[in-house]
There are 2 protein chains.
Amino acid sequence: MESTAAYVADQAARVKTASLRLSSLPTAVKDAALTAMADALIAQSASLIAANQKDLDSGIERGLDAAMLDRLTLNPERIEQMANGLHEIVQLPDPVGEISDMKSRPGGFMVGRMRVPIGVIGIIYESRPNVTADAAGLCIKSGNAVLLKGGSEAIHSNTAIARVLDEAGQQAGLPPHCLALLETTEREAVMQMLQQIDSIDLIIPRGGKGLIRMVSEHSRIPVIKHDDGICHVYVDQAADLEMAIELTLDAKTQRPGVCNALETLLIHKQVATELLPRLGKRLAAAGVTVHASPDALPHLPEAVPATDKDWDTEWLRLEMSIRVVDSYADALDHIQQHGSQHTEVIVTNDHTLAMRFLREVDAASVQVNASPRLHDGAVFGLGAEIGISTARLHARGAMGLVELTSQKFVVFGDGALRA
Amino acid sequence: MESTAAYVADQAARVKTASLRLSSLPTAVKDAALTAMADALIAQSASLIAANQKDLDSGIERGLDAAMLDRLTLNPERIEQMANGLHEIVQLPDPVGEISDMKSRPGGFMVGRMRVPIGVIGIIYESRPNVTADAAGLCIKSGNAVLLKGGSEAIHSNTAIARVLDEAGQQAGLPPHCLALLETTEREAVMQMLQQIDSIDLIIPRGGKGLIRMVSEHSRIPVIKHDDGICHVYVDQAADLEMAIELTLDAKTQRPGVCNALETLLIHKQVATELLPRLGKRLAAAGVTVHASPDALPHLPEAVPATDKDWDTEWLRLEMSIRVVDSYADALDHIQQHGSQHTEVIVTNDHTLAMRFLREVDAASVQVNASPRLHDGAVFGLGAEIGISTARLHARGAMGLVELTSQKFVVFGDGALRA
């Protein structure tokens, strides 16, 4: 058995080689391959479920909790969802080859920009085996080869899915090794992967804070993080209070366990007395535990007093913080200090203030009178998303196919010279 | 005297604080500051030249060669060039705040993208003191605060320039420390700078290979490299040979010491016999030494035989490599193997082949019948450039003001919810 380091380097090099051919394949070939992959997942459901059972058995043995076992589980319905995900990607326009901004220049030539694949993308993820198919589909449609490293608890499931996809893709015309999964549970494999600067162009980690931090600290390859969201809604004094209530409920309760859910509500003191009792009842009815600042507490009979660390907490469940602020400036300060620059919302009918908020708040998505839960690739119209980037460079916020590409200049001359 | 580590961390934190205010300053304030900076450089020419003299004196003492001393020298003309550079940046449109792609979505809201500054940019550079003003001007116009670290040989010049700029900027309304220079010659300062992940958002190294490699290896902050250019011109069998000759001369001799100059000429064997003698005479007349492949040599009486390592050499002077290839495919192979993905050119009148070259060649700029020397921010119409990126993420090729910004999503709703 070769060493982990040699195994990872070899796999990365093979994927790199595949990427050189994949990058200029016509859309029709990529789409046919994705369709074949979807069909193969359905056709081989039984073997995928058998592989998944091994992971579930050892998960039970290792004492994984019910939520983790649920995330790990594959069943016919979930396999169909993976296949449908691939079919949806087929329907999306291929960004590769698109030329934009083509302009005539005084030197007697034209210059524009052409979208091209990034090259090889390394995806490091935890738990849910469906990521294997979703991430591979988006990478391949955008002309990128992909090296996957899933969590050890899903090793049999991920291996089975990746092999089915790779085989089906090859039969439909993809070069071998366009997608490869590191079939190892060695933690060392991740560290080795992060050193492959000659083969991998971009690392996207998807998982908990521990994984993100480890990858950011050790990677020699550029990383686009998908980090936590401490998202705020600020209810201004000029807010429509009915709108503020509905928006808060949507933002907190529609799906509390995700990064674009609401964590802290800020309320201007002028409207706190009128808003809080009504809002408090609705939140209580929805089962939301509220941690409230001292001046909000009297209006919220069921709330508990907020502690300092609550303002920096990503609850990810039916629990939230509420603070009354003296002014827009205080709300802005709070967001700057405690926000994670993910998704920030103002509820107001004051146009000037709304435009100030847009300019002054630094986050991946800044929104007026719109739920933070809307911040999503599909909802924003990018098609399927690989995640929501909390990085500032290359891609910020929801990342779709276009964000998985780079650009190059293209120049058409007729003997144009510099001299 | 505080330690280098503490000094660098403190300077970086001050610049970070300044960036929070700078990021939302109106264009008029930034333009007024840049104008004041330009005026101050002229007004304080004498003190800049005096500071520069100290660097020149110690450079002579340390035995710098004539070319390096020339690069280091400030005189009234070069100071005027710096000032003019700042005036030109004032004339460029401010990318910050521009909203694009605003679209209506089925959920009853609008979503678009707004250009925002990246935050704090760290520039690490060598030799030429004018970079201090050029880089600072581009960063500030695009709303980014900037931490500069110049070469030790220019420490007095850089310090004097940075202080003049900072003072003039502040008087014109910029927050203090929008631009700061690390006033130290400790090599340790660069290493410390590369660790300031909480204060610096992007590192741009400008200098020789050694600097670029060191920065890439040690930076914990994202880096956009400006690496070397091993640029090719491929003369296809369907080329206009007169055009090929003029383009080769321009590409090699118009300014040989820069990254977008020609290093290797590839010639299809069908046209080699006709092209080489004529081209050889012109190159010899221009003083260019040619390293030629065996089948090119007989047609080039003044050439020397090429060695294997010539194909990987960035000559940067009146010297070049010439190789005869059997086919387009061989040219492509050569470029893939030896190119640095900077600027690649085909000379051909075959439309289908030209379009293939555009698709199949992976470089920051891919060009048909146009000199590689055209690959430049000003020539391409981006305005002044901070450099030519050889990275694949965020910015590739010539980088202007827009490439010094990031984007955020902006959403306008009227109570839009996810549910």
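This is a predicted model: local features need pLDDT of at least 70, side-chain atom pairs count only at pLDDT 80 or more; totals for chains, interfaces and linings use all residues.
Local features are given only where pLDDT is at least 70 and side-chain atom pairs only at pLDDT 80 or more, while totals for chains, interfaces and linings use all residues. Residues are numbered from 1 along each chain as its sequence is written, and chains are lettered from A in the order in which they are written.

**View 1. Chain A as a whole.**
Chain A holds 14 helices and 16 strands; helices (H or I, at least four residues) and strands (E, at least two) are DSSP runs, numbered from the N terminus. The C-alpha atoms of chain A occupy a box of roughly 70 × 65 × 35 Å along the principal axes. Of the 419 residues of chain A, 53% are buried. A residue is buried if 20 or more other C-beta atoms lie within 10 Å of its own, exposed if 12 or fewer, and partly exposed in between, with C-beta atoms placed from the backbone. Among contacts in chain A between residues at least 6 apart in sequence, 72% link residues at least 24 apart; a contact means that the C-beta atoms of two residues, placed from the backbone, lie within 7 Å. The mean pLDDT (the predictor's confidence in each residue, from 0 to 100) of chain A is 96, and 99% of its residues reach 70 or more.

**View 2. The side of chain B that touches chain A.**
In this interface, 55 residues of chain B are in contact with 55 residues of chain A. Elements of chain B that give two or more residues to this side include strand 1 (99–105), strand 2 (109–117), helix 10 (241–253) and helix 13 (351–360). Strand 16 of chain B supplies the largest share, eleven residues. By class, the side of chain B that touches chain A has 25 nonpolar, 17 polar and 13 charged residues. Here Ala, Val, Leu, Ile, Met, Phe, Trp, Tyr, Cys and Pro count as nonpolar, Asp, Glu, Lys and Arg as charged, and the others, Gly among them, as polar. For the complex, the predictor gives an ipTM of 0.94 and a pTM of 0.93.

**View 3. Strand pairing across the two chains.**
Strand 13 (residues 365–370) of chain A and strand 16 of chain B run parallel and are joined by five bridges; strands count as paired if DSSP finds at least two bridges between them. In this pairing, A:S365 stands opposite B:F409. An open sheet of ten strands with mixed pairing has the order 1(A)-2(A)-16(A)-13(B)-12(B)-7(B)-8(B)-11(B)-9(B)-10(B). At its edges stand strand 1 (99–105) of chain A and strand 10 (304–305) of chain B, each with a single partner strand, so one side of each has no neighbour in the sheet.

Strand 7 (residues 231–235) of chain B runs parallel to strand 8 of chain B, with five bridges between them. One bridge pairs B:H232 with B:T264 in strand 8. Seven of the seven residues of strand 8 (residues 262–268) are buried, so the strand is largely enclosed by the rest of the structure. Strand 9 (residues 289–292) of chain B pairs with strand 10 of chain B in the parallel sense over two bridges, and B:A292 stands opposite B:P305 in strand 10.

B:A370 lies in strand 13 of chain B and counts as buried, with 32 C-beta neighbours inside 10 Å. Leaving out residues up to four places away in sequence, B:A370 touches A:F109, A:V411, A:G413, A:A416 and B:V345. B:N369 lies in strand 13 as well and is buried, with 22 C-beta neighbours inside 10 Å. B:N369 has a positive phi of about 50° although it is not a glycine.

Helix 7 (residues 155–171) of chain B has 17 residues and reaches 24 Å from its first C-alpha to its last, close to the 24 Å expected at 1.5 Å a residue; the expected span is 1.5 Å times one less than the number of residues. Just after helix 7, B:G173 takes a positive phi of about 115°. B:L316, in the loop between strand 10 and strand 11 (319–325) of chain B, has a positive phi of about 60° although it is not a glycine. B:L316 is partly exposed, with 14 C-beta neighbours inside 10 Å.
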